[in-house]
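Student: Please take a close look at one part of this model and work through it in a single connected account.

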Amino acid sequence: MTTSPVREPAAPPHGGRPRVVIIGSGFGGLFAAQRLRKADVDITLIGKTSHHLFQPLLYQVATGILSEGEIAPSTREVLRRQANARVVLGEVVEIDLAARTVTSTVLGRATVHPYDELIVAAGAGQSYFGNDRFAEFAPGMKSIDDALELRGRIFGAFELAELAESQAEIDRLLTFVIVGAGPTGVEMAGQIAELAHRTLRRDFRHIDPTTARVVLLDAAPAVLPSFGEKLGDRARRQLGQTGVEVQLGAMVTDVDADGIEIKDADGHVRRIQAATKIWAAGVQACGLGRLLGEQSGAEVDRAGRVAVQPDLTLPGHPEVHVVGDMMALDKLPGVAQVAIQGGRYAADQIMRRLAGKAPKPPFQYHDKGSMATISRFHAVVDLGKLKFEGFLAWLMWLALHLFYIVGFKSRVTTVLHWLVSFLGRGRSQRVATQQQVYGRLALEHLGPGWEASKTGGPKVAPPADEDVTGRQSA
Ligand SMILES: Cc1cc2nc3c(=O)[nH]c(=O)nc-3n(C[C@H](O)[C@H](O)[C@H](O)COP(=O)(O)OP(=O)(O)OC[C@H]3O[C@@H](n4cnc5c(N)ncnc54)[C@H](O)[C@@H]3O)c2cc1C
C-alpha cells in the first residue's frame, strides 16, 4: 500500500539552515557527506540500502573470504557522530528540478525531501547489453545480495557435484565461466580457482575439486586492457598458472541454465556446459540520470550517464551536482576515486557558495592508479609511468584496500580473515542459505519493478567497451 507523500517542513525547525540532499550512500555520496561535516547545513543522505558498500571486495564475499558486514558498514553508524547529517532509507523515485524536491519510497511509504543543494550519487547497476534474460543464469556482482547469491551458487555447485552420478554432470557442475576480463572478472576467476585448487582440495570424497574448470572469457583481445599490453600479458600468464583458462575474442551470444554459447572472433560458434556463470561485463548508470536529462536537457549517454558541466553540475542548475558512476565528463572511468574526488569537490563547491566565495576551478581528476589481484600473493599495479606486478604489488593492494575499508572494527576482522585465507587454506565465510540461492528467482516473480531497481533503471544498450567497473572492454 502506498501512503500519500509526507512533506518535510519547508523551513527546518532548527533555524532554516540550507538543506543538502544527497542521493546514494556509495563512494560519492558518503564522501560528500563527510566532507560537509563542519558545514552549517542540514544534510539528508538518502540510500536505497542502509549500508555503504565497498564494491571492490564484493568478490571476496562471493568466494567466502569476507563476511558481508566487513565490506558494508551501516551508513547510520558511519555518520553517527556527524550531527548535521541525517540518514534516510529509501529509493529515490522522483526528482523535481523545478520544485527542488526529491521523493523517496520505502515499503510503500513515500517521502518528499525539499533541497537547496542536491548531490546525485546513485551509481550504476549491471548491464547485459540488451540481453536481460541472461541475468537469471549469469548473475552480476553489484550488491551484497548478488555476492551472497553467487556464494550460494559457487559452493552449491561443489555440493551438487558430490552427489552427481555421471561424469558429464560432474563436469558441468565443476565448470565456472566468468564473462568479462576486466579487474572484477580477473579477481573473481582467480579466487574461484584458488577455492577449487587449495581450499576445497580435501573436503570432498566423491569428486576431486582440483579438477574444476575456471574459464575467463572476453570479447576483447586482451586481459585487463586498461592496464596496458605488458601488464595484461603478465596477468594472463599468472591466471594460467593459477588454473584459469583465459579465452579472448570470445563473444557471449546466449546463456541458459546449463551453459553458455560463444562466438569466437573467426565466427565459429561453440558452447561450454557450465552450471555457474558470472557476469562481470557491463554497467548501466542509475535510471535517475535519465530523469535529470529529461528535465535539464543534459545529454545522457547510452550507458545512462549524465553529461555534466566542468564543475559537475547540471546545465542551468548550479544547485544540482552529479558525481561518480552516474556522471559523464571527459571520458573519466567508473572507478571509486572518480566518485570520491567528485563527491568531495561537490561538497567544497557547496560550502564555497554558501560562504559567498568564488567557485573552485573546474573539476580535475587525480588518477592515483589502478590495481587488481590475480591470486594469493600476486597482483598488478598501474601507477601511470610505474607498472609492476607480483608480491610487492599484492602487498600494496592489501594496504590500500584496508585503508579504504570504512571502520576500525571492519579493518581488524578483515585482516584476520585475510590471514585465514591467504596464509592458511581456509575460508571463514562459507555459509550459503537456501534463500540466497533461490531468492533471486522468488524476487523476479515480483515483476518489472524489481527488475528496474536491480539493474539500475530503464534499459538501454551501453557501449560495449566497459566492464562492471567501467574500466575495461568486454
Ligand atoms: C564488483 C565491483 C568491483 C569494483 N572494483 C573496483 C576497484 O577495484 N577499484 C575501483 O576504483 N573501482 C572499482 N569498482 C567501481 C567502484 O566501486 C565504483 O566506481 C564506485 O562505487 C562508484 O561510486 P558511486 O558513488 O558513483 O556509486 P556507488 O558506490 O555504486 O553508490 C551508489 C549508491 O546509490 C544507491 N542508490 C542507487 N539508486 C538509488 C536510488 N534510486 N535511491 C537511493 N539510493 C540509490 C546505492 O544503493 C548505493 O548506495 C568496482 C565496482 C564493482 C561493482
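Tutor: Over residues 391-408 the chain is 83% helix and 0% strand, with its end C-alpha atoms 25 Å apart. (Helices are DSSP runs of H or I with at least four residues, strands are E runs of at least two, and both are numbered from the N terminus.) The unreviewed UniProt entry annotates residues 391-408 as "transmembrane region"; such annotations may be inferred rather than shown by experiment, and their positions follow the numbering used here, with feature names shortened. Residues are numbered from 1 along each chain as its sequence is written. The model is predicted: local features need pLDDT of at least 70 and side-chain atom pairs pLDDT 80 or more, while totals for chains, interfaces and linings use all residues.

An open sheet with mixed pairing places its six strands in the order β4-β3-β2-β8-β20-β19. (Two strands pair if DSSP finds at least two bridges between them.) At the edges stand β4 (85-89) and β19 (313-314), each with a single partner strand, so one side of each has no neighbour in the sheet. β4 is joined to β3 by five bridges in the parallel sense, and G47 stands opposite L89 in β4.

On one side of β8, strand β2 (residues 19-23) pairs with β8 in parallel over four bridges, and E117 is the bridge partner of V20. β8 also runs parallel to strand β20 (residues 317-322), joined by three bridges, and there I119 stands opposite H321.

The core draws at least three residues from each of domain 1 (6-126 + 284-354) and domain 2 (132-281 + 369-454), the bounds coming from an automatic or database domain assignment.

The ligand has 36 residues around it, and G24, G26, G28, G123 and G324 come nearest (near means a C-beta atom, placed from the backbone, within 6 Å). Among the elements giving two or more residues to this shell are β3 (42-47) and α10 (336-354).
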